[in-house]
Amino acid sequence: MNTKNLRKGTVAVHAGVEPDPTTGAIMTPIYQTSTFAQEAPGVHKGYEYARTQNPTRHALEKSIAALENAQFGYCFASGMAATDTLMKLLKPGDEVLVTNDLYGGTYRIFTKVFAEYGIKFKFISMASAEDVQSHFTSSVKMVWIETPTNPLMNIIDIAEISKMAKANGALAVVDNTFATPILQNPLDLGADIVVHSVTKYIGGHSDTVLGAVATNKEDIAEKLAFLQNSCGAIPGPQDCFLVLRGIKTLQLRMQRHCENGEKIAAFLSNDFRVGEVYWPGLDSHKNHAIAKKQMHGFGGMISFTPKEDKIDKAIQILKNFKLFTLAESLGGVESLCGLPSMMTHASIPKEEREKAGLKDSLIRLSVGIEDAEDLLEDLDQALI
Ligand SMILES: *Cc1c(COP(=O)(O)O)cnc(C)c1O
């Protein structure tokens, strides 16, 4: 279905999905096959070998592209496989400007894997767009933005920095995992490429690991298709099916994540046992104005510190939770909690973390879609 002029909730239900041509099945079947019969050498129905094309994956790629207002979408075996593919657009000697508060796995693949291949990474604060300008040199070929940042929920001005990247001949890439295409559309704001860990909100049910990239640039799309097929980090059709199913409720889920996020952020902000609260929807958030400008809602990711800035306090609070499950990951229907300094961000050296303002006692919540009152009661009994 052409969903071009339709709204996001409708796009989420319909994009990429057509009744199956042979049976009329409403849901895209799981095409669990590695190859496809040809009538004569080179004469086929558009599918030759499942690394190159698979109809279930194709439906998912169209769906995610439509949600990001993109012409082209590609899915990968994980968010990291998507990031890995994007790095292969670069050559030795190229430099990437990277936000200094980001997903730990992204930091790891940049510093431990691609730095070995001669790609340079400069981790900088992107809190003020003007500060970014001074870091551009002729070797900067890409700017890597993650916003809201993980786990400090800083907001980076996508439009300003994308404009700057363009003026300096660099590609602007946005990791849109936290916001989802429902709450933020980086390509509309001028970014060249958007990348997702689909594992999180887009899949939404904590049952699949998958990644995606979307773009409107034909030359980049061609390279991505080539890399996807050449390197082969593709998702299987079962996983694509699960994500297609998850996407249908993406807008509904995000509405609830935002509502619950707002209630929990308000509760934490007013509790004497809590120190800092990081949620972009709060008036007191330092980048609230940019968040309001570029996001359609503020999501369910919230970080906070205990009043007493001690890691032991944070660990005790995490142990006290009954409903929030202590686990890595985020974006599922169920609420999760974690301690980034010892979990998701342990691969970032302590001094780097401190430079970015990430305290060891910071607790990160992925607020699910449960009844807010139950979540608030759990928080109330867990805080000390
Ligand atoms: C989880 C995550 C990734 C990595 O994705 P995987 O699907 O786990 O490989 C990248 N960026 C962000 C912001 C994430 O939260």
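## Close-up views of a predicted model

Figure 1. A polar backbone atom of glycine 79 is 2.9 Å from an oxygen atom of the ligand. On its own, the ligand has 380 Å² of accessible area, and the protein covers 92% of that.

**Figure 2. Aromatic rings in pairs.** The structure holds seven aromatic pairs. One of them joins tyrosine 107 and phenylalanine 123, with 4.9 Å from centre to centre and 45° between the planes, a tilted arrangement. Tyrosine 107 belongs to helix α4 (residues 104–113) and phenylalanine 123 to strand β3 (residues 120–124), so this pair ties together parts that are 16 residues apart in sequence. Tyrosine 107 is buried at 10% relative accessibility, while phenylalanine 123 is partly exposed at 23%. Now look at phenylalanine 321 and phenylalanine 324: their ring centres are 4.9 Å apart and their planes meet at 45°, so this pair is tilted. Phenylalanine 321 is buried, with a relative accessible area of 8%, and phenylalanine 324 is buried too, at 3%. Elsewhere, ring pairs link Phe110, Phe121 and Trp144 into a cluster.

Figure 3. Asparagine 185 is found in the loop between α7 (180–183) and β6 (193–197). With a relative accessibility of 7%, asparagine 185 counts as buried, because the cut-off for buried is under 20%. Its side chain reaches the backbone oxygen of leucine 67 at 3.3 Å. Arginine 57 sits in helix α2 (residues 55–67) and is buried, with 1% relative accessibility. A polar atom of the arginine 57 side chain lies 3.2 Å from the backbone oxygen of alanine 50.

Figure 4. Most peptide bonds are trans. Which way does the bond from threonine 147 to proline 148 go, cis or trans? That bond is cis, with omega near -5°. The bond from asparagine 150 to proline 151 is cis as well, with omega near 5°. Proline 148 lies in the loop between β4 (140–146) and α6 (158–167), and proline 151 is also in the loop between β4 and α6.

Figure 5. Most residues other than glycine have a negative phi. Asparagine 69, however, has a positive phi, near 55°. You can find asparagine 69 in the loop between α2 and β1 (72–76), where it is partly exposed at 32% relative accessibility. Serine 329 has a positive phi too, near 80°. Serine 329 is placed in the loop between β10 (325–326) and β11 (336–338) and is partly exposed, with a relative accessible area of 26%.

Methods: Residues numbered from 1 in each chain as written. Predicted model: local features only at pLDDT ≥ 70, side-chain atom pairs only at ≥ 80, totals over all residues. Heavy atoms only, no water. Phe/Tyr/Trp six-rings, centres within 6.5 Å; stacked < 30°, edge-to-face > 60°. Helix = DSSP H or I, 4+ residues; strand = E, 2+ residues; numbered from the N terminus. Buried < 20%, exposed > 50% of the residue type's maximum accessible area, 1.4 Å probe, protein only. Polar contact = N/O pair within 3.5 Å; in protein donor to acceptor, adjacent residues only side chain to side chain. Areas by Shrake-Rupley, 256 points an atom, 1.4 Å probe, with all protein chains shown as cover.
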